[in-house]
Amino acid sequence: MESTAQRRLKAIQGHLVPITHVLDSHVQTSLTASEFFHSQGYSVVLPEKLNTGKWNVYRSVRSPLKLISRFPEHPEIGTLHDNFMHAIEAFKDYNYLGTRVRGDGTVGEYKWMTYGEAGTVRLAIGSGLRHHGLLEGACIGLYFINRPEWLIVDHACSAYSYISVPLYDTLGPDAVKYIVNHADVQAIFCLPHTLNTLLSFLSEIPSVRLVVVVGGIDEHVPSLPSNSQVELISFAKLLSQGHSDLQPFCPPKPEDIATICYTSGTTGTPKGVVLTHGNLIATVAGASLTLKFCPSDIYISYLPLAHIYERANQVMMAYYGVAVGFYQGDNLKLMDDLAALRPTIFCSVPRVYNRIYSGIMNAVQTSGVLRKRLFNAVYNSKKQVIISGRNPSPMWDRLVFNKIKGMLGGRVHFMGSGASPLSPDVMDFLRVCFGCQVIEGYGMTETSCVISCMDKGDNLSGHVGSPNPACEIKLVDVPEMNYTSEDQPYPRGEICVRGPVLFQGYYKDEVQTKEVIDGDGWLHTGDIGLWLPGGRLKIIDRKKNIFKLAQGEYIAPEKIENVYAKCKFVSQCFIYGDSLNSCLVAIVSVDPDVLKDWATSEAIKYENLGHLCNDPRARTAVLTEMDAIGREAQLRGFEFAKSVTLVVEPFTVENDLLTPTFKASFIFLQMVFFRFFHFLGSEIEYQVKIKSVLSFAYIFFQIKRPQAKAYFAAAISNMYAEISTSDTNPQKML
């Protein structure tokens with residue numbers, strides 16, 4: 001029996017052992033493996049088919065001839081269960097799951113559960129589910145936000161060959177009901193506040209036989225009618241039942257289904273993405289060749305565990321023995337959680353990073369001439385040093401940037417970005433201001449998360465890195481959008497992916513599965529990319545949701561909306577166009593405080609915000625700013641919005657303009673900047689200005705385009721009528 005000291009020493013030694021060369025690892029042979037390849041720095045290029053002579057398949061230079069499917073240092077890990085057992089063995093006495101929320105609901109310092117303790121609870125929960133007659137292969141629903149119990153239940157599912165089915169906490173009752181019935185979910189874990197929603201349609205989800213209330217007290221768990229086939233118990237009771245009747249593990253095989261992740265679409269019903277244990281291990285194993293962490297690291301979990309981004313992060317954290325601290329579940333209090341936890345790893349999405357960038361840069365612009373000059377001088381000097389690959393002087397951090405670092409607790413040494421492309425200027429900004437490694441990745445649920453990822457030491461921004469060593473990528477011509485592999489100076493086309501990370505298909509939906517996976521096993525992502533020098537992938541467009549203007553130009557509205565999101569007036573933006581019109585129009589949900597400040601500076605009087613939004617001078621000012629942002633982003637002429645309608649109402653799930661996903665209150669971002677505004681010496685201005693740059697209220701969302709078109713039909717019609725009148729104005733035609 002190893003002592004605690006011996007286990008700790010062994011864990012430390014494990015992080016000092018040189019990485020086994022990937023070619024000696026357990027790997028999966030690719031259909032296109034060849035003994036010849038062209039190296040491009042970060043990627044290599046191989047022919048897809050030897051008889052055609054076309055070299056168009058890109059792989060990571062870290063594993064050019066074979067695709068990774070296991071961790072090179074631990075090839076015995078083939079499932080999520082194996083991964084957690086490895087974590088327990090290697091990091092048994094290290095902190096794993098931390099929370100500030102006590103059993104009585106009060107909040108204090110972070111209290112931790114070690115990996116070993118989490119393993120014990122996982123055993124009891126899994127045994128409890130077996131005690132209630134759930135057999136391997138049963139689907140288990142997780143209907144609550146991030147907290148330690150979420151991962152405990154997920155680990156129990158892996159240990160006993162159950163299939164976890166995450167349910168978005170913000171999904172409406174109809175979507176939850178659909179998913180539960182579609183996946184034949186037999187047990188659901190939920191919180192007290194989601195229990196009432198669940199009970200309201202319990203009779204309509206006949207497959208459910210057990211409901212477990214997380215955080216509930218036995219005395220407060222309601223009783224169900226005597227004729228009900230569903231048992232309702234607390235998490236504590238299930239834990240007790242499992243402890244009293246411990247059952248042996250029923251470990252899964254790599255090819256067994258680990259989870260069904262339902263993706264919320266802009267139209268239609270959610271699609272269930274089927275992922276195996278092998279899929280999830282492969283994507284993280286491949287990423288582990290680039291990303292390295294250790295047991296002394298601390299990760300804050302606030303991104304929704306219902307999304308593959310956070311799920312993959314958690315598999316990675318367990319593999320490296322990282323401590324995971326959970327936020328309280330309230331976005332308004334996330335800043336307090338960051339201050340208490342002081343994480344070393346922080347992952348987020350571009351829309352949050354964009355707001356951080358906008359908030360600080362706007363604060364700089366209004367901080368006074370001397371402070372503005374100081375910031376710009378220090379910023380530009382440090383940026384040039386970083387780009388050149390040299391180590392920046394710590395003096396710059398002491399002068400300016402330590403204030404900014406303190407926003408996230410002051411210890412972050414790794415920042416990750418995913419979900420959508422991050423603009424180069426924001427990437428550079430994060431590297432300069434936070435003084436740490438900033439990595440951008442690209443992926444999707446259907447690829448178990450990671451398709452590509454930036455390499456450590458690559459200081460070029462504006463791309464999403466080289467292929468994950470667990471997959472290969474090719475670009476397919478999209479002639480209707482004028483994207484081809486022959487394009488100069490860089491090949492362009494739709495990004496297609498193949499390898500052990502690929503999902504097994506959409507659950508009970510063979511038709512849609514065949515629509516995205518072709519006969520050669522390539523997943524067509526719908527994203528348009530190009531290959532930069534060095535074999536680095538850049539996302540430039542979106543094939544899905546494209547439409548054609550009257551003159552034949554194709555438009556990808558999401559790309560344009562992401563550009564305009566950087567406009568200070570814009571909280572949210574919807575771009576519209578069709579084949580009957582030759583230009584685009586925009587609906588902008590305004591940032592109230594920015595617009596009010598502008599009106600004050602222009603001495604414009606107004607009755608209310610709605611009245612101001614209808615003022616032609618306000619529309620002109622916003623469109624002018626949007627044009628400037630568009631020119632900076634090098635939008636093509638036909639990609640500029642020619643008219644804009646300003647609205648007060650935000651796009652929300654409630655008004656059916658957004659897909660129902662994870663919401664993050666802008667108050668969190670508002671609080672982030674308090675220290676920096678204080679540094680700028682304008683606390684009063686902070687109170688007035690801060691909301692104006694942080695009105696963004698959603699982290700993960702998509703605009704429901706058909707619904708938005710109908711919702712704003714009158715405004716769209718009016719804008720095109722105005723444009724038509726303007727274009728036919730005799731004076732303008734002269």
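Figure 1. Cys347 has Gly416 of β18 as its bridge partner. The model shown is predicted; local features need pLDDT of at least 70, side-chain atom pairs count only at pLDDT 80 or more, and totals for chains, interfaces and linings use all residues. Residues are numbered from 1 along each chain as its sequence is written, and side-chain values use heavy atoms, with hydrogens and water left out. Strands (E, at least two residues) and helices (H or I, at least four) are DSSP runs numbered from the N terminus. Two strands pair if DSSP finds at least two bridges between them. Strand β17 (residues 345-348) runs parallel to β18 and is joined to it by 4 bridges. Strand β19 (residues 437-444) also pairs with β18 in the parallel sense, over 4 bridges. In β19, Glu440 stands opposite Ser417.

**Figure 2. The two faces of β18.** In a regular strand the side chains alternate between the two faces of the sheet. Strand β18 (residues 414-417) has Phe414 and Gly416 on one side and Met415 and Ser417 on the other, and all are buried. Buried means under 20% relative accessible area, exposed over 50%, and partly exposed in between (1.4 Å probe, protein chains only).

**Figure 3. Strand β11 beside β10.** Strand β10 (residues 185-190) and β11 run parallel and are joined by 4 bridges. Val213 in β11 stands opposite Cys190. From strand β11 (residues 210-213), Leu210 and Val212 point one way, Val211 and Val213 point the other way, and all are buried.

**Figure 4. Helix α13 against α14.** The axes of helix α13 (residues 394-405) and helix α14 (residues 424-434) lie 8 Å apart, and the helices pack at an angle of about 105°. Axes are lines fitted to C-alpha atoms, for helices over the stretch in contact, and angles run from 0 to 180 degrees between N-to-C directions. The two helices α13 and α14 are therefore roughly perpendicular (65 to 115 degrees; under 35 counts as roughly parallel, over 145 as roughly antiparallel, the rest as oblique). Phe401, Ile404 and Lys405 of α13 meet Val432, Cys433 and Phe434 of α14 in this contact, where contact means heavy atoms within 4.5 Å. By class, the contact of α13 with α14 has 5 nonpolar, no polar and 1 charged residues. Ala, Val, Leu, Ile, Met, Phe, Trp, Tyr, Cys and Pro count as nonpolar, Asp, Glu, Lys and Arg as charged, and the others, Gly among them, as polar.

**Figure 5. Helix α12 against α13.** Helix α12 (residues 369-387) and α13 cross at roughly 95°, and their axes come within 10 Å. These helices, α12 and α13, are therefore roughly perpendicular to each other. Residues of α12 in the contact include Leu374, Phe375 and Val378, and those of α13 include Trp396, Phe401 and Ile404. The contact of α12 with α13 divides into 10 nonpolar, 1 polar and 2 charged residues.

**Figure 6. Loop residues with particular backbone angles.** Most residues other than glycine have a negative phi, and most peptide bonds are trans. Ser161, in the loop between α4 (148-159) and β9 (163-166), has a positive phi near 60°. Ser161 is buried, at 10% relative accessible area. Ala603, in the loop between α17 (592-601) and α18 (609-613), has a positive phi of about 60°. Ala603 is exposed, at 63%. Gln488 and Pro489 are joined by a cis peptide bond with omega about 5°; Pro489 is in the loop between β22 (472-476) and β23 (492-498).
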